[in-house]
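Please read the numbered points alongside the sequence and the structure.

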Amino acid sequence: MSPDLRSNSLDPVQIDGWRWQPFLDAAVDAIASLHPQPYPVPEQFLHKKGQTGSKAKPTPVTTATWACSTDKLRQVRSACVEAGKAASVLNFVINPRCQFDLPFFGADLVTLPNGHLLALDLQPVDKTDAQHTQPVWDRLMPIFERWREALPGGGPIPEEAEPYFSPAFLWTRIPLGEEGDNLIDRVVKPAFRDYLNLYLELVNEAEPVDEARSAKLLAGQQRYTNYRAEKDPARGMLTRFYGSDWTEAYIHDVLFDL
Ligand code: DBV
């Protein structure tokens, strides 16, 4: 793989607290078999630095963005926020090209001072379309059942989000410390690997669809992307770190850019 396709590594000197970077490294390795091409990310979004905490005791914050595309995937991208003990986030989304009847891969791995908040799914482009959902869900549900048992539930999520995730939405909140580290190692890590491996199988099997179907898939992808941009739960945090102008441009032109 060419050097510009490796994920950005963050300066380890700054880091104190949980880190999700190894999950991104594993995903980048897994995607290498798809012959990724560069997906350009403007310079001002690649490696953004900032500060949080008090003036007297500031914590450095870094947001690193990595992206690529492949012949079947329009945009594979991650946002990795590292702010020591204040926050560590890996938000990782795979956006398929609309010529392929594929779901999105979505992972939101978030660590805040009060705990880990983890979301993992193969998210449907159109939840009402059984031709789109059923072949995926038949294979995803057994994986979900296997890992869900070992994780506490994540609690309610907004009703308006319902159309955008599958019945195999893995959603959990787990405590910081040894118990949480253990669950992440024994359950979250293999679950992430299983969801991603199934996704890559679906990608490998996918054949182009006709133009009418492709237009329908594109409309569904746009609906999803608009929703995610509008409701991005990171908006507050990113605005605190970097201000509104940078954050809005980042959300609309990089993270959810369809
Ligand atoms: N979420 C993003 C992006 C992030 C990000 C691009 C760059 O979509 C981080 C970073 N998510 C992030 C942060 C929080 C959450 C919460 C920082 C905590 C916000 C806070 O407490 O201040 C899953 N993520 C959440 C929540 C949900 C999701 C349901 C709780 C929201 C709330 O309580 O309001 N995100 C949501 C989802 C997927 C996803 C269904 C798909 C897998 O990526």
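1. An oxygen atom of the ligand lies 3.2 Å from a side-chain N or O atom of N91. For R228 the corresponding distance is 2.8 Å, and for D232 it is 3.4 Å. A polar contact here is a pair of N or O atoms within 3.5 Å. Alone, the ligand exposes 860 Å², of which the protein buries 78% (Shrake-Rupley method, 1.4 Å probe).

2. The model is predicted: local features need pLDDT of at least 70 and side-chain atom pairs pLDDT 80 or more, while totals for chains, interfaces and linings use all residues. Residues are numbered from 1 along each chain as its sequence is written, and side-chain values use heavy atoms, without hydrogens and water.

3. The shell around the ligand (residues with a heavy atom within 4 Å of it) holds 19 residues, of which N91, D108, Q123, R228 and D232 come nearest. By class, 13 are nonpolar, 3 polar and 3 charged. Strand 6 gives the most to this shell, with 4 residues.

4. Which residues line the largest cavity? They are L109, L118, A119, L120, L151, L170, T172, V188 and A191. A cavity is a set of points on a 1 Å grid over the protein atoms alone where a 1.4 Å probe fits but cannot get out, and lining residues have an atom within 4 Å of a point. The volume of the largest cavity is about 70 Å³.

5. Strand 7 provides the largest share of the lining of the largest cavity, 3 residues. This lining has 8 nonpolar residues, 1 polar residue and no charged residues.

Notes. Polar contact = N/O pair within 3.5 Å; in protein donor to acceptor, adjacent residues only side chain to side chain. Helix = DSSP H or I, 4+ residues; strand = E, 2+ residues; numbered from the N terminus. Nonpolar A, V, L, I, M, F, W, Y, C, P; charged D, E, K, R; others polar. 1 Å grid on protein atoms, 1.4 Å probe; cavity = no way out; pocket = protein on both sides within 12 Å on 5 of 7 lines; lining within 4 Å. Points joined across faces, edges and corners; volume = space filled by probe spheres on them.
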